[in-house]
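Keep the viewer open as you read.

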Protein chains: 2
Amino acid sequence: MTKKTTKTISKTSRISGSAGIRANQAGAFNLSSYLKKKQKEIDRAMTRALPAKHDLIGQLVAAMRHSMFSGGKRLRPLLVLAAAEACGKPGTGLMNAALAMECIHTYSLIHDDLPAMDNDDLRRGQPTCHIAFDEATAILAGDALLTYAFELMTKVKTNGSGAQKRLLEAIELLTRAAGMNGMVGGQMADLVCEKKAVDLPTLEYIHTHKTGHLIAAACRMGALLSGATGKQVKALTIYGETMGLAFQIADDILNVVGDHAKMGKQAGTDEARGKATYPALMGLNASRDHAQALMRKGLAALQPLGPKAEPLRALAHYIVEREV
Amino acid sequence: MTKKTTKTISKTSRISGSAGIRANQAGAFNLSSYLKKKQKEIDRAMTRALPAKHDLIGQLVAAMRHSMFSGGKRLRPLLVLAAAEACGKPGTGLMNAALAMECIHTYSLIHDDLPAMDNDDLRRGQPTCHIAFDEATAILAGDALLTYAFELMTKVKTNGSGAQKRLLEAIELLTRAAGMNGMVGGQMADLVCEKKAVDLPTLEYIHTHKTGHLIAAACRMGALLSGATGKQVKALTIYGETMGLAFQIADDILNVVGDHAKMGKQAGTDEARGKATYPALMGLNASRDHAQALMRKGLAALQPLGPKAEPLRALAHYIVEREV
């Protein structure tokens, strides 16, 4: 658990390079320009939501901003907005829900990187929060981002009948996805199972909880808050659940293949830490097949949504076939 | 910041001993039996809300329960319920809001006790969470309790017109009291100011943010969620704000006097840590006078609420005049 490792992730993991859009070059939809536009909107909104401070909490806010503006993919907020669009809504009123997702994701990275957890010095080629500042500040920055996520949720603009009920439902969804029965529980299970023989159901539990639930919640939330029909919400939920697990399997694969290709010498950090992974349990090819099967299931769920779901389709390919 | 100290707090800090109710013996209201009844209700509800688990998150839940059931005063949930009663509501539907307050308070203690923060091994005579379990588990237990607080908020039973709007307002209130502009910000300011010369406005900033805002939010929330009038909400807000600061000044005083009386030899832990306190800045007597003045202001605000506010009046005396 406290074994020292460094991440071999490139300086920025923006979804913009050729690797990310390879799978979509044949189609009419241009994922690359869609992503550039959306990421810009998300970054602009986050900059407004989290301005620098120069008073007694200046250091706290600087630490929050350090981790928030370090070149993340913005996948979860993108999914909130793209899910709303797939239900026929522009999604601009949901920006605060999208930002809330990124706050939760970022807090989880800050706490995961702490010496008592994964003890990582680098993330995306930059010093992790506790290295750039100190451990106490990193713990508090994580706490503040988690709390701020829920403040942002209360500021989501929703209209129409039942809007407040839906917003409360979305907040509950986020708490469940992020808390002891979701992401935090998955992180605990991951730590408890380190260096132990883990079977496939246990590994699926860890992956769906640690990563999957938040990605699934992003998709479901986008649908819920846009006032989608029950069928639309269900479709987006299936898409989110399959892509959430597929995302983590792809991560496992990259931790083996990505590192080999880039470093040319060392096995993945997961193996060094004694973490169970899909490639270790079922082999690389079967893992790839499983991720592809999940993607197909997710894409099938989107079918009734028609062309408006094109960004989500492109994102599904990206999630499974990305190289960073 | 990492200087090792141990807390000199008795095994349990329940508000039930003679010290806690001295100030109320003359009055007709029996604080001791009121507290015993309410604490029992709160504990019973919390036991139901946080049952033990025996699966992959068993260790996480055990750590949450370890800190949750270690003899805390339950002051914040008590204030939620008593504030609702003062507005003429039984408050039983608000139990989840009361529990949410205790979850936030408990998470803050778990994280504050961590080696990177106050590095405390003992709290209320029992091992702190990271000692009883480990650091990673303690960090996650805090994260899970903070997240669970907001899940509990979404489960608060409210009725009548505008109930959902009021609930969303209460959730926002809690995020602001707990987050970067509230408790977490106060903790950051406290750490940044350690071993520095601090003036009175800065100390008041630290105290109101680190402790005051959450206590104030408990009172305001009880009023808000019970559908109180604007005047009642305002009265409870003034009461909460004054008692929040008074509570922390009383804590400062106890850290000097309490320790001397009990240990008979050593100065308070605040001084050892280089923390600014009211007694250090304005002397013991002036600090006591200031706390009393705040209490009088809080009691004056309660005046229009009549006899229903009797528990809050007794709690005000307890907060300022307690010996533990």
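The expected span of a helix is 1.5 Å times one less than its number of residues. Keep in mind that what you see is a predicted model. Now take helix α7 of chain A, residues 135-154: its 20 residues should span 28 Å at 1.5 Å a residue, and the end C-alpha atoms are 29 Å apart, which agrees. This helix is also mostly covered, since 19 of the 20 residues in α7(A) are buried.

Chain A has 324 residues, and 55% of them count as buried. If you look at contacts in chain A with a separation of 6 or more, 73% of them are accounted for by residues 24 or more positions apart.

A:Glu102 sits in helix α5 of chain A, which covers residues 95-112. Is A:Glu102 buried or exposed? With 20 or more other C-beta atoms within 10 Å a residue counts as buried, and A:Glu102 has 27 of them, so A:Glu102 is buried. Leaving aside residues up to four places away in sequence, A:Glu102 touches A:Met46, A:Arg74, A:Arg76 and A:Pro77.

Next, consider how two helices pack. In chain A, the axes of α9 (residues 183-193) and α10 (residues 200-225) come within 7 Å and cross at roughly 145°. The crossing of α9(A) with α10(A) is left-handed. On the α9(A) side, the residues making this contact include A:Met183, A:Ala189 and A:Cys193, while α10(A) contributes, among them, A:Tyr205, A:Ile206 and A:Leu214. Sorted by class, the contact between α9(A) and α10(A) has 6 nonpolar, 6 polar and 2 charged residues.

A:Asn119 lies in the loop between α5 and β1 (122-123) of chain A. The phi of A:Asn119 is near 55°, a positive value in a residue other than glycine. A:Asn119 counts as partly exposed, because 18 C-beta neighbours lie inside 10 Å. In chain B, the loop between β1 (122-123) and β2 (126-127) holds B:Arg124, whose phi, near 50°, is again positive in a residue other than glycine. B:Arg124 has 19 other C-beta atoms within 10 Å, so B:Arg124 is partly exposed.

Finally, how do the chains meet? Between them, 41 residues of chain B are in contact with 41 residues of chain A. On the chain B side, the elements giving two or more residues are α3 (58-68), α7 (135-154), α8 (163-178) and α9 (183-193). Of these, α7(B) supplies the largest share, 12 residues. By class, the side of chain B that touches chain A has 26 nonpolar, 9 polar and 6 charged residues.

Methods:
Residues are numbered from 1 along each chain as its sequence is written. Chains are lettered from A and ligands numbered from 1 in the order in which they are written. This is a predicted model: local features need pLDDT of at least 70, side-chain atom pairs count only at pLDDT 80 or more; totals for chains, interfaces and linings use all residues. Axes are lines fitted to C-alpha atoms, for helices over the stretch in contact, and angles run from 0 to 180 degrees between N-to-C directions. Helices (H or I, at least four residues) and strands (E, at least two) are DSSP runs, numbered from the N terminus. A crossing is left-handed if the near helix is turned anticlockwise from the far one by less than a right angle, and right-handed if clockwise. Two residues are in contact if their C-beta atoms, placed from the backbone, lie within 7 Å. Ala, Val, Leu, Ile, Met, Phe, Trp, Tyr, Cys and Pro count as nonpolar, Asp, Glu, Lys and Arg as charged, and the others, Gly among them, as polar. A residue is buried if 20 or more other C-beta atoms lie within 10 Å of its own, exposed if 12 or fewer, and partly exposed in between; C-beta atoms are placed from the backbone.
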